[in-house]
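Please look over the sequence and the structure shown here before reading on. The paragraphs after them are meant to be followed with the model open.

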Amino acid sequence: MIYLPRTLSVAPMMDWTDRHCRVFHRQITRHTWLYTEMVTTGALVYGDVERHLRYDEVEHPIALQLGGSEPADLAKSAKLGQDWGYDEINLNCGCPSERVQKGAFGACLMNEPQLVADCVKAMRDAVTIDVTVKHRIGIDHNESYDFVRDFVGTIAEAGCSTFIVHARNAILKGLSPKENREIPPLRYDVAYQLKRDFPELEIIINGGVKTDDEIAAHLAHVDGVMLGREAYHNPYLMANWDARFYGSDAAPKTRAEVLAAMVPYIADQLARYGGHGLKLNSITRHMLGLTAGLPGARAFRQMLSDPKKLAGGDPRLLLEAAAHIRDL
């Protein structure tokens, strides 16, 4: 299947962009690319493949983000992703967490560009879908543009043509993952320069973007924009993306229509997986920001966070909560 370009995408976010979150986001935007949480190669090579790779067909276009540094394991995991129908394989070279560092992957891989190139080549040899790389612009306090330019150049020689550039350095010691998303300064000019130096590559910028106008401003310099926390906490921001950035003439769903579409999905998921530990809150927790800024939003969030109401496991709780919102 042919999809529209990666003009816009929602970032892979641990504990957030699971399959239920992605189905919810797909109700709001049809064309935006969606990314899984990072899945380690160990989880796929030695673990429960179905649990990690299961998704709903509505989620396409969807990319599987992998974490790992062994070319053979990454190749095997990428092949599993392709076999399961994913549209892209993305290698995580940007996560700065200590747990990831101990596994010798994530942002610390930027110090080993040739290894990353070997990983990319192994995956490209194993699959026919796109293999992309998500990375930072530097490690620790190395702010040299040459560092990230040489990293991208080396990986590009291995056949990677799409780079998602989180425009902050990764501080490997002394900052938490949350602090790494906030404290290192954003340097969008670095991503812009990468596009100028590698015009043949697809450069997608990530980090700190919050509005449609900011997206449009970045698209004057790069090929795509990836949003993370803002898309999660204020998901209805995405409602106009198909029309504004993809030229769609289809009217976006209203918030009420989004909620109504999720009710049968939730009912189906609870019927299938409720006996395996899936709870109503596992899905509704991703939807708390849908009514952000509207009168009654607080009551909406409170109802969807009420343990007693959630314990009933009735997906119609969404519609009950929506009754608190005017002009939904």
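This is a predicted model: local features need pLDDT of at least 70, side-chain atom pairs count only at pLDDT 80 or more; totals for chains, interfaces and linings use all residues.

Residues are numbered from 1 along each chain as its sequence is written, and side-chain values use heavy atoms, with hydrogens and water left out.

The protein chain holds 17 helices and 9 strands, these being DSSP runs numbered from the N terminus (helices H or I, at least four residues; strands E, at least two). Its radius of gyration is 20 Å, close to the 20 Å that the globule rule gives for 328 residues, so the chain is as compact as a globular protein of that length; the radius is taken over C-alpha atoms, and the rule is 2.2 Å times the number of residues to the power 0.38. Along the principal axes, the C-alpha atoms fill a box of roughly 55 × 45 × 45 Å. Of the 328 residues, 54% are buried, where buried means under 20% relative accessible area, exposed over 50%, and partly exposed in between (1.4 Å probe, protein chains only). Among contacts (heavy atoms within 4.5 Å) with a separation of 6 or more, 72% join residues 24 or more positions apart.

Helix H1, residues 19–28, is mostly covered, with 10 of its 10 residues buried. Those buried residues pack against strands S1 (8–10), S2 (33–35) and S4 (62–67), and against helices H11 (229–233), H13 (255–273) and H14 (280–284). Histidine 286, from the loop between H14 and helix H15 (297–303), is in contact with Asp18, His20, Cys21 and Phe24, among others. Histidine 286 is buried, with a relative accessible area of 0%, and its side chain reaches the backbone oxygen of tryptophan 16 at 3.4 Å.

In soluble globular proteins, nonpolar side chains tend to be buried together. Here the largest nonpolar core has 106 residues, of which Val133, Ile155, Phe163 and Met262 touch the most other members; such a core is a set of buried Ala, Val, Leu, Ile, Met, Phe, Trp, Tyr and Cys residues joined through side-chain atoms within 4.5 Å. Helix H13 gives the most to this core, with 8 residues. Not counting residues up to four places away in sequence, phenylalanine 163 touches residues including Val133, Val152, Ile155 and Leu201.

An unreviewed UniProt entry places the feature "binding site" at residues including Pro12, Gln65, Lys134, His166 and Arg229, although such annotations may be inferred rather than shown by experiment. The lining of the largest pocket takes in Pro12, Gln65 and Lys134, among others from this set. Proline 12 is found in the loop between S1 and H1 and counts as buried at 15% relative accessibility, while glutamine 65, in strand S4, is buried with a relative accessible area of 3%. Beyond its neighbours within four places in sequence, proline 12 touches Gln65 and Lys134, among others, and glutamine 65 in turn is in contact with residues including Pro12 and Lys134. A pocket here is an open set of points on a 1 Å grid over the protein atoms alone, where a 1.4 Å probe fits, with protein on both sides within 12 Å along at least five of seven lines, and lining residues have an atom within 4 Å of a point.

Definitions and conventions
A polar contact is a pair of N or O atoms within 3.5 Å; within protein, one must be able to donate a hydrogen and the other to accept it, and residues adjacent in sequence count only if both atoms are side-chain atoms.
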